[in-house]
Amino acid sequence: MKILVAVKRVIDYNVQIRVKEDGSGIVTDNVKMSTNPPDDNAIEEAVKIKEAGKATEVVAVTVGEEKAQETVRKALAVGADRGIHVKADGIIEPLAVSKILQKIVDKEKPDLVFMGKQAIDDDCNQTGQMLSSLLDWPQATFASKINVKDRKLEVVREIDEGLETIEIATPAIVTCDLRLNEPRYASLPNIMKAKKKPIEQLNASDLGVDVVPKIQQIKVEEPPKRKAGIKVSSVAELVQKLKNEAKVI
Amino acid sequence: MSVLLIAEHNNKELKAFTLNAVTAASQIDTDVHALVIGNNCADVAKAVSQLPPVKKVISIEAAHYENFIAENFAPVVTKLAQNYSHIVCSANTFGKNLMPRIAAKLDTSQISDIIKVQSPDTFVRPIYAGNAFATVKTSDSKKCVTIRPTSFDPCESSGGSAPIESAEVGEEFVLTKFIKREEIKSDRPELGTARIVVSGGRGMQNGDNFKLITAIADKLNAAIGASRAAVDAGYISNDHQVGQTGKVVVPDLYIAVGISGAIQHLAGMKESKVIVAINKDGEAPIFSVADYGLEADLFEALPQFLEELNKLNTIQK
């Protein structure tokens, strides 16, 4: 069984982002970047399945600018066997990414495609579902537990009401929740070894996918700030304020 | 131009957030049609027909729609979509799972999780966990939009009398099988819609200490929330999680106890009307969003809080 894992390079989750003064977007120059956190869970799960002897190959793929290759390199350092980097500049919308991934799936013929449930930059939560729709494959979104059976997966999904368990036949798409597993760190020897693993370079245009955005970002602004609050000195004062000033209890 | 709203329900009752989604739909265009897909869900179709902004209800019932599998829903919605300019749904796990599947079939770039309708093609949506708001305009002729329900008021639940039509059932997608759903039942108000939420964080130190939170929540008829740190530490189950990866809540009163205020938590609660923070670390970021901050040891403050509440003659429910 072969698992394709899609990873995205985003601003590191610990960075407090800044909005550009001209409202054209978010400041990304000299900002720490890293792999989208739930994509790390997707890689970890694929590697664990391989380590359990249930998969033979894990291929990491990313779509993005030159430096996006770093996220593939990181996936290789934690256990992926080889990588694919589809070069594309600027904002690539989830629909275009899923069309690119569809081309990669046609070529690689994986049994499973894993990715994070959502990217923490645009917060779209679309790519996995769109890819699954284009391929007409089953989808298991927001996965917090995966049990690999013969040509089937049993997946526990995080839903608003609690947990849902579904069974999907392979080939299938799974989007991973942060609770799925605890991603490992890359050891130094493995980082060195990963440098020798192959990364295939492709261009989005060579794949015949139109990546021109259909959604125009008119402006980006900071959310309205909350007015500064006050510190109270005692519980009694707090309760009195809630009762008589805020009138919420 | 008209809007097709996909109703969220459990075959018996309409989910409350559908009312908020209807409001957003009616701001896009006044011609709102609602689609109810399910199994033995006639009561839901009836409830939807009574929502005043809804002009027509389309009902599709079949056994394979019982469990809301997106692979079964997407083809029938895609077929109906030919008659509409917009397909909308609330951005809960139901809509998040379903809508991109429809958008891809329609070759449309979806707009997720909008918090404001500026015009039928221009919307405001949060990005970076709510740390920035983007105004976006789509050039797609058919628009797929999911709605953050807490950003819109619910519509009236009665007074309307839209006709109910049925539409053709689609084929079953046999490669995906529903096994089970474990819903967490509680006598408390639901976290997503409660008027008051009391949340605990890593500062609670263990699951047993959450009884201090429970006692206060009982007194205030509040829902119980938690930070991701508390959930990951195993103090409380993950359906209580508030934040970017949990639930987004907008209660009248949010009380954060022993929560430092990580970006991902703030994204889930900072739109609350009144925020209280109780934390012994005076530098904790949670104080920057709190209307009332109390720098104190929660193990002393929570029992006192309960005592003070007990002294009050009346408490709003």
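Strand S12 (215-221) of chain A pairs with strand S8 (residues 132-138) of chain B in the antiparallel sense, over six bridges. One of the residues involved is A:Ile215, whose bridge partner in S8(B) is B:Thr138. The model behind this description is a predicted one. In general terms, the strands of a sheet pair through backbone hydrogen bonds, either parallel or antiparallel.

The contact between the chains takes in 62 residues of chain A and 68 residues of chain B. On the chain A side, at least two residues each come from several elements, among them helix H3 (94-108), H4, S7, strand S8 (152-159), S12 and helix H6 (235-244). Strand S9(A) gives the most to this side, with eight residues. By residue class, the side of chain A that touches chain B holds 29 nonpolar, 14 polar and 19 charged residues.

Both chains also contribute to an open sheet of ten strands with mixed pairing, and its order is S11(A)-S5(A)-S4(A)-S1(A)-S6(A)-S10(A)-S7(A)-S8(A)-S9(A)-S11(B). At its edges lie strand S11 (199-203) of chain A and strand S11 (176-183) of chain B, each of which pairs on one side only. From one strand to the next, the twist averages 25°.

Within this sheet, strand S7 (residues 139-149) and strand S10 (residues 172-176) of chain A run parallel and are joined by three bridges. Here A:Ala143 is found opposite A:Cys176 of S10(A). Helix H4 (residues 127-135) of chain A packs on the sheet, where it touches strand S6 (112-116), S7 and S10 of chain A. The direction of H4 makes about 70° with that of S7(A).

Terms used:
Residues numbered from 1 in each chain as written. Chains lettered and ligands numbered in written order. Predicted model: local features only at pLDDT ≥ 70, side-chain atom pairs only at ≥ 80, totals over all residues. Pairing = 2+ DSSP bridges. Helix = DSSP H or I, 4+ residues; strand = E, 2+ residues; numbered from the N terminus. Axes fitted to C-alpha atoms, helices over the stretch in contact; angles between N-to-C directions. Contact = placed C-beta atoms within 7 Å. Nonpolar A, V, L, I, M, F, W, Y, C, P; charged D, E, K, R; others polar.
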